Structure formats: C-alpha cells, structure tokens
Amino acid sequence: MRIVVCVKQVPGSSEVRLDPVTHTIVREGAAAILNPFDAFAVELAVQLGEAHADVETVALSMGIPAAADLLRDVVARGIGRGVLLSDRAFAGADTLATSYTLARGIEALGGAGLVLCGKMATDGDTGQIGPELAEHLGIPHVTDVCAVPELVGGYVRVRRQTDTEIQELRVRLPALLCVCKDINDPRMPSLRGIRGSLAADIARWNCADLAADPARCGLSGSPTQVKRTFLPQRRSLAVTLGGGADEQAEAIAAVIREVGACRD
Amino acid sequence: MPGLAVDPAACTGCGACVRVCPSGALQMRENRPVVDAALCRLCGLCIPACRAAALSIVRDAPAAAAATECCGIWVFAEQQGGEPLPVAFELLGRGRALADAKGCKLTAVLLGHGVSDLAAPLIAGGADRVLLGDAPAFRHALELACAEAVCRAVAAHRPEILLFGATAFGRSLAPRVAARLGTGLTADCTELAVDCATGLLLQTRPAFGGNLMATILTEHARPQMATVRPGVMRPLQPDPARTGEVLRLPDTAPDRRVQLLRAAPQPPAASIADAEIIVSAGRGIGSRGNLALVHRLAERLGGAVGVSRPLVDLGWADYRHQVGQTGLSVAPRLLITLGVSGAVQHLAGIGGAQTVVAVNTDPDAPIFSAAHYKVVGDSLEVLTALLAALDRR
C-alpha cells in the first residue's frame, strides 16, 4: 500500500510587522521550514512504513522549485521518496486549486491507500486542504485524528477529538486523515537519513505531467481573491497606568477591585 | 496571462515591494520594480506594502457564470444531542442582517435524527425557512452523509451564500462541501458584510499570519462560502412570534465507508471560553517557570489561565488554554494579559472581553490597541508586584 503525506513549506516566522514609520509591512527574514503541523503527519507515515512491510511512503508538496529541499529533509526523516508539484501555473492558488493540484499529483503517483495531512499550515491557518483533497479524490476523510491509527485489513481505525467527545471510527481505505499536533514525537533527520537524502531523486512534476487542467490550477482555478488588506480597527486609546512596577501593580489591583474580580 | 502587474504611472519607485517579496521575484530596474514571473508565487504580500497602490494581481477574464441565478443566504445549523449549537444562532443573527441588506431569504439547514422540534427555535432565531433533514443517516455528525445532503440541497435551491460555524465538525464538513461544489471557502471570518455596489459577500479574516486583515471575495463561483468561529457574531433575541416555513429534504442514505464504533465524552476540560476572569501570558513572560506565577494570579482572582499561540508551540502550555484565531474565543469580564504582543489572530479571540488590562514592554505592541488599561513594563516584574499588592490586602 502507498501512503502519501502532504507537506508544505512555510515561512520560518509567521511574523509580518508593520513599519511604524512607513506603514508598510516588513517580513522578518527567516528561512522556509516544514510546516510544523506537517511534522506529525510525516512521523506517522514513517512509523506506519516501519510497522508494515508492504507500505511505501511518499511525500508530496506543491511549491516553488526550492521546495525540493523540504522534500529532501522529509526523506532524511525516513520517508521513501518525495515528489514536488511545481509549475508557474500553480502560483496564486487558494485551497480549492491547491487541493485539486495535489489530487492530480496523487493520481499521477498511481493513487494512495492512505493520505496523511497536518491539521493546518501556519501561514494560511485554514485547515481546508485535507477535506478538500479527500473530496477531489472521492475518498472519506477524518480530521482531528488524535491517536496513532491502526491499519487492519482494508480499513483504518482512528480516534478523533471532536469539540465534546473522543470518537472511535472505522474507515474504509482509501482514506485521508488530518492528524492533530502531538499525536507523536517527530524525529529529527538521522545522519544516515541525511546522507541518503542527498542522493535521493526528488521528482518534479509540472502541470502537463499531471494532466491537470490549467484552468483549475493556481490563480485561474481559485474562486477566492483578496480584495483588500488593511490594519485592524483600533479601540479608543487605552488609559496608561504609569510609574514603576509597584505603582502599576497598585493601579491594576484597583482595576481588579473595580470590576469585582478579587476573591477575598 | 494572469499575474502580478505594476502600474508604472502610479509607482513611485520606492522599492518597498522589492523589500517585502519573500521569493525574490521583484527587482528594481531603472527605478521601477520588475516582476520575474518564474519566481513570483502571487502571494500578494507586496500589494499592501505599496503605498501608491501600484501593484495588482491580474486574473483571467472569468467564464460567464450563472452567479446571478443564485439567491438566498443559508446557514448550516449544527446541532448536538438534539440542540442547535450557539454558533447556529450567531450565524442566523448575522445572516439575518445580511439577508435584510440584500432583500433575500435566510435559510437554516438542519440535519439530525429526531430533530424536527429544532426548526421552531431556528425560526425564532431569525430564519425564514428551515431545510430539515431528519434521518438515521444524520444521527451522528459524519461528513459524508451531511456533505451529500447539503450539496444536493444546494443544487436544488441554488443559494448565493452558505455559512458554517467553525466548530471541529464545521471545519471538516465545509471544505468537503466547497470542493464538491467547486467554489471558494474563506476560513474563520471575523466580519461578514455585503458590498452595496456588487452585492458580493465581503469575507474578512486575519491574513499573512500577522497584523493585517484581508477582505476576500468569491466573485464568480456560487455559493460564496465562509466559516465563522463560535462566539464572534451576535445572536438575535429569540422571537417566538416569527413565522417561517419548514421544508423536508429528501432522504440521504448513510455512507458505510465511515462507521462510528464508539464515542466517549471528552474528559471535562474546564474551558477558558466560559471563564469570567482570565489571566493570559505570552512570550514576554520569559520562561516556562514563570507560568506558575501566572497560575497563582489566576487562582487568586478565581479565574482561568490563557496563553498566546507561541507558548503552545513552545510546549509550555496545553492547546486548550490557547486564546485566539486558532485557539478559543474568550469573553471574560476581566482579561489581564502579560507579555502578549497581540497578533491579529490573538486579538480576534479577545474581542468579547469587557475590561482588558495589558502589560507589555513594547509601548507599540498591538495588544494595547485592544486594551482599556495600558501598562508598559516587564510583565514578570509587574506580575510579582501585583501578587504582592494583592497579598497585602
């Protein structure tokens, strides 16, 4: 069985600051990293690969050519191979176009018995790719998977954390799982893994390789568009509680008394 | 060809776009930015960076859409254990205002088993109509059957707008529905409005992982879809005299590919979402050990402890304490923040707080924009002094 884990390269720091003088945004320079939520999905794929002899693991990403480094890093952590979907036609994709492109990638691989995703990406914060990808593939999905799933026959048994309960589900394969943070303890690349990954052949597929419809990829395939960006509305000016720490503390204590929050 | 375009007439050649581009796709040549289309990811960061509004993303002319044939605003009214969730009423509250602005009907979509009685409260909460799917397939909240029912209803009635609560289930179901319908979905909107000129839904959410808000449009695809976090919108006062129609949806068969074997109530983690008093800590608290003092203050005030996302990412605190866009929305009577800088995502989660006291070393920290009392100082020092001051009494 093939297990495909979807990964994304995100900015190392999600901080975008506003220059107080020019009022333009300043992005703090930080290297691109593996989306932290994806690390748990990667580790899970590696563990399932180790536990089942007939499992092949593949990491899939859509991104710029430089994202090949990310896939190399994931191979160093124990994933079998990496495939990068990269094409100018993929740029500017929203979640619908991204999930469509990833689905074509998985089909070009020859399908997957199990697809694993992280909870969400730290740069987009939507958590929509997993369910959308499952829909494009026509397979069931489970989000918020909070324990290591068990592969039994043609099924996977999973536990998910809902807002109120823990559910145990039996899901027929092929299926897609979005795993919670802290489902496992992601390993760092081993020395041997790093050496192996240097020689690893990271496949790079473009739109034509995927036989994808360019009209459904990237900007063209994205129904949503950003109309404008702006600074959040400010509340009326706060009252400053000045002085040294002790005076400030006294003033805060007074506010606490005023709102009746002190337990005496 | 779609792509990033520079309006040479508007451009002042300041170079701000070049500095902000994370992919090196912009270069200054003869005092004007030039786009390397091979490197540009169309991330859009340069657009707000440009003070002259000289940059824009050009899209293909859209295929003629049937958007005009769609009408009506729909709200997915999630229920649990035979009761609509509060977020259903919050969406109806906002949906009512949008429907009145557009002059269209507001519909609640209700799926469950033995839930017919819930139609009345949804109508009292603002709905003109309830689409009721009452079948064994909906006994448990499972995505496949619900997506099937919602998509079939959408195909039959063609709503213009479809809203979901961003609960765990809503966040799982909505994207599935959006992908099947081939439409856009904007996650975790903090504001929804109707554009007077175009009638389009203005979907506003924090963006770029930082201190900016973005308004997003779904111009041509229908329905325009968005999720909204619980606690963000305000419900209407229920009006039992309101009348509305109830329409039964055709039966949906259960999807056997996913079976619920068992469910156990989650160990009752006291949720900070309901806390009256919250003391919350951010990275400025300095070290993990200092959190003990934060807990002491919270205990002293009979309140709960909240944290900003970095502390959860660092492993200093449990996710259940996280306040903000990706954590919990809180609405305490008193919120004291210690060393929280106040990224937009965090601010999105504290809009309901009645009194906010913010402590931060940086006088320009965005948290102060949401505060009623501003304390510029080291959060640990102030915290220690505050504990002492409270003990003196």
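Trainee: Does Asp144(A) count as buried or exposed?
Mentor: The relative accessible area of Asp144(A) is 13%. Residues under 20% are buried, those over 50% exposed and those in between partly exposed, using a 1.4 Å probe and protein chains only. Asp144(A) therefore counts as buried.

Trainee: What pLDDT do local features need in this model?
Mentor: Residues are numbered from 1 along each chain as its sequence is written, chains are lettered from A and ligands numbered from 1 in the order in which they are written, and side-chain values use heavy atoms, with hydrogens and water left out. The model is predicted, totals for chains, interfaces and linings use all residues, side-chain atom pairs count only at pLDDT 80 or more, and local features need a pLDDT of at least 70.

Trainee: How many residues apart are Lys119(A) and Asp144(A)?
Mentor: A salt bridge (a side-chain nitrogen of Lys or Arg within 4 Å of a carboxyl oxygen of Asp or Glu) joins Lys119(A) to Asp144(A), with the closest N and O atoms 3.3 Å apart. Lys119(A) sits in the loop between strand E8 (114–118) and helix H4 (129–137), whereas Asp144(A) belongs to strand E9 (residues 141–145), so that this pair links distant parts of chain A. Helices (H or I, at least four residues) and strands (E, at least two) are DSSP runs numbered from the N terminus. The separation between Lys119(A) and Asp144(A) is 25 residues.

Trainee: Which residue of chain A belongs to the network of salt bridges that share partners?
Mentor: Glu148(B), Arg152(B), Arg176(B) and Arg180(B) are members from chain B.

Trainee: What share of the residues in chain B is buried?
Mentor: Chain B contains 10 helices and 22 strands, and its C-alpha trace spans about 65 × 65 × 40 Å along its principal axes. Of its 393 residues, the buried share is 56%.
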